[in-house]
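Dear colleague,

Please find the structure below, handed over for your records. The findings follow directly after it.

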Amino acid sequence: MIALKYNKRTFPLIGAIIVFVLSFSVLYFGDNIGLSDNGDFRRVLLVNNLEYADDTDYYYLFKQDYKMNIEGESFWDKVSYLCETNNEEEIYSSPHFIIIKASKVMNFMMNTILVKDETNYNIAYLAFIYILMLSMAAWGIFTFFADEALKLRIAVFCVFIFMFCDAGYLLYFNSFYGEPLQYVSLMMLIALGLLIYKRPTIPKVASFFVSLYFFAGAKLANVPYSVIMSLMALSFVFLREDKRYRIGIGICVIFAAVCIGKLYVSIPDWMHNDTTYQSVFFGAVKESETPEKDLKQLGIDEKYLPLVNTHAYMDDGEYKIDITTPEFQNDFYDRVSKARVAFFYLRHPVRFVKKIAFSIENSSSLRPLNSGTSETVLMSYSNRYSGWSNLRVAMKLLYNPYIVFAIAVLLSIYVALVHVYLVRSKKQTPGRQFYLIMAMYVLLVGLWINMCLPILGNGEADIMKHMFLFANCMDVLFAGIIIGIVNMHNRNRIAALAVMAVTVMLLQIEPPKDKVEFGSYNGEPLKWEVMREYEDGSAELVTEKCVDSRMFDDENNMWETSDLRQWLNSDFISEFTMKEISQIVPQSNEVMLTYNDRGLAESGDHTHYWSATRGEVNDLSETAYKYYVDDIVYIPTLDMMRDIDMSKPYWVLCPYGYNDRMQRYMTGDGFILHTNVDNIYGVRAAVRVKLNEVD
């Protein structure tokens with residue numbers, strides 16, 4: 001009996017230690033990895049009296065070291081100053097700052113002990129806090145399952161290690177984004193919810209609401225969901241009947257409601273204004289066929305029609321109307337609210353569903369794809385311990401709109417049926433029945449809210465990052481399904497796995513492309529895929545595989561003068577016969593321009609917006625700054641991205657719009673990212689040929 005208890009206690013402890021060690025290894029075993037700034041760090045650094053130690057290329061390189069501003073004479077004066085907030089900046093309240101200040105104090109104490117520069121700030125101490133919180137959550141989850149069968153304990157452990165210690169989640173720990181606190185707080189909430197169900201106590205309930213406060217403040221968009229969770233957490237009172245316990249829960253709920261309410265009230269006007277602007281002009285009316293009618297329904301003057309398809313973070317020179325004037329403040333910000341946008345979508349449900357489908361497709365990646373992970377190579381992406389990140393993309397299961405919609409609907413029906421079953425069942429006590437019902441509703445509401453709220457509250461701007469919580473919730477749901485399958489009887493388990501396998505296999509099926517042989521390179525005939533056929537009998541071809549690996553250029557991302565274009569039209573086709581060269585039809589390609597090169601534009605009135613998904617990479621490209629180049633041999637264009645096969649990373653004919661030295665490329669898993677032009681990636685050649693003359 002003693003040995004049995006010992007094993008039950010050691011399983012959660014050993015599991016938590018493994019999570020802790022593995023997390024540190026992912027971030028620091030080898031070159032340190034984390035996430036670079038995409039513009040969100042600035043307000044966090046200012047508020048917390050931090051600054052870059054070296055601000056060179058901080059948008060594209062992960063930075064390990066920063067500088068702390070310190071004032072005071074004595075040790076404790078300095079510690080006190082480290083815990084202060086810079087009130088000169090327009091800020092919002094956030095428990096995120098508590099974690100950052102704690103990491104500053106840890107840095108200062110270690111600097112003092114090691115006799116180092118006291119202003120040095122190593123972000124590893126912030127990551128340490130997050131890793132510790134994740135390990136505590138793992139301990140709680142493992143403790144809940146400690147009494148279960150060995151196969152179930154092993155399944156829970158493996159799922160947690162494989163999915164929730166993946167670099168897609170852990171990379172956030174080495175950053176100043178709010179997502180890591182959101183992630184570890186959610187995992188803590190899950191762990192505490194399980195432990196409260198198992199053995200309810202006031203300290204556990206209090207810890208639950210503290211975690212809920214951190215979850216709500218990590219990203220202020222979480223506030224609505226947090227309010228719902230706090231109300232549903234009232235079901236804790238049914239797990240025990242003693243008066244003191246129920247009074248404690250009441251106090252916790254009231255305290256949580258007040259604290260979460262203060263978080264919402266603290267949101268500054270600029271944040272409300274920016275998100276409202278984007279929810280309208282880069283959300284509800286974006287790419288609308290009837291923008292005048294839509295603006296009228298939203299109560300917006302038609303004179304602001306030129307702002308349609310613009311977002312709140314463009315350069316001032318790109319707006320056709322000054323959005324900083326008191327007139328615009330009165331006409332738009334003072335009149336339009338998120339509620340009005342919600343009512344607009346109620347009148348246009350089809351459009352809303354399409355927007356949600358777009359959001360779901362952008363939940364495929366766990367980490368923001370516009371942030372580098374390396375300290376040394378611009379916009380480099382680490383693949384260290386990314387098995388789950390890669391698998392969830394390869395399966396095409398958790399971000400397919402049709403499947404996700406079906407899961408959400410089926411889950412809603414399932415919860416309703418379980419509700420009925422639990423009410424009628426006599427196997428559970430009434431209190432535990434109610435708790436289970438509320439827990440399922442929390443999961444269900446969270447799924448729907450996090451599916452819809454990003455597009456409703458902020459439009460399509462930075463949507464991939466804003467879908468992080470939804471992706472996290474889908475992973476939690478998927479993990480629950482896997483654990484449930486493990487716990488099934490053999491026959492049911494085989495059937496469930498078969499259904500899942502067939503679904504994944506069907507998602508991999510793509511219609512075959514016509515292929516031809518044309519030309520040669522390095523003494524080998526070249527195989528091409530037919531991408532598009534024209535009425536004149538010609539066709540656009542792309543090499544089936546990368547023909548070589550080269551840099552785009554050593555200076556800038558201008559396609560017309562690039563080293564890659566020169567190589568394709570000289571060395572690459574040097575082995576083509578005269579007949580083959582005569583069969584190539586010159587192709588006029590539209591090429592996007594960066595903001596700094598907009599003076600060369602032959603058409604367009606804005607910088608080409610950044611989008612990483614294949615279906616949206618050419619979003620609003622028709623109206624972006626561009627010029628036209630007559631090409632013989634070129635590289636894949638934006639309009640090929642939806643249908644082109646994926647292979648190893650290769651260059652794409654599109655510069656990154658906000659940097660003259662960065663070019664777009666497609667990754668092996670189908671995202672279109674950007675990197676420095678002097679980095680080396682694969683080359684897939686493209687030509688337009690007279691197909692009827694090709695052997």
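Asp274 touches Ala312 and Tyr313, leaving aside residues up to four places away in sequence; contact here means heavy atoms within 4.5 Å. The model is a predicted one, in which local features need pLDDT of at least 70 and side-chain atom pairs count only at pLDDT 80 or more, while totals for chains, interfaces and linings use all residues. Residues are numbered from 1 along each chain as its sequence is written, and side-chain values use heavy atoms, with hydrogens and water left out.

Asp274 lies in helix 12 (residues 269-284); helices are DSSP runs of H or I with at least four residues, numbered from the N terminus. With a relative accessible area of 15%, Asp274 is buried (buried means under 20% relative accessible area, exposed over 50%, and partly exposed in between, with a 1.4 Å probe and protein chains only). Helix 12 reaches 21 Å from its first C-alpha to its last, close to the 22 Å expected at 1.5 Å a residue; the expected span is 1.5 Å times one less than the number of residues.

Two C-alpha separations may be of use. Asp274 and Ile482 are 208 residues apart in sequence and 40 Å apart in space. Asn390 and Asp669 are 279 residues apart along the chain, and 7.7 Å separates their C-alpha atoms. Asn390 belongs to helix 17 (residues 387-395) and is partly exposed, at 32% relative accessibility.

On the surface, Leu13, Ile17, Val21 and Trp139 form a nonpolar patch with about 380 Å² of accessible area together. Accessible areas come from the Shrake-Rupley method with a 1.4 Å probe. Helix 1 (residues 2-28) supplies the largest share of the patch, 3 residues. Leu13, found in helix 1, is partly exposed at 46% relative accessibility.

How many disulfides does a search of the whole structure find? The search finds 0, a disulfide being a pair of cysteine sulfur atoms within 2.5 Å. The sulfur of Cys473 is too far for a bond because the closest cysteine sulfur, in Cys452, is 13 Å away. Likewise, the sulfur of Cys654 is 18 Å from its closest cysteine sulfur, in Cys546. Cys473 is buried at 10% relative accessibility, and Cys654 is buried at 0%.

How values were computed. Patch = residues over 30% accessible without salt bridge, like charges linked within 9 Å, V, L, I, M, F, W, Y side chains within 5 Å. Salt bridge = Lys/Arg side-chain N within 4 Å of Asp/Glu carboxyl O. Helix = DSSP H or I, 4+ residues; strand = E, 2+ residues; numbered from the N terminus.
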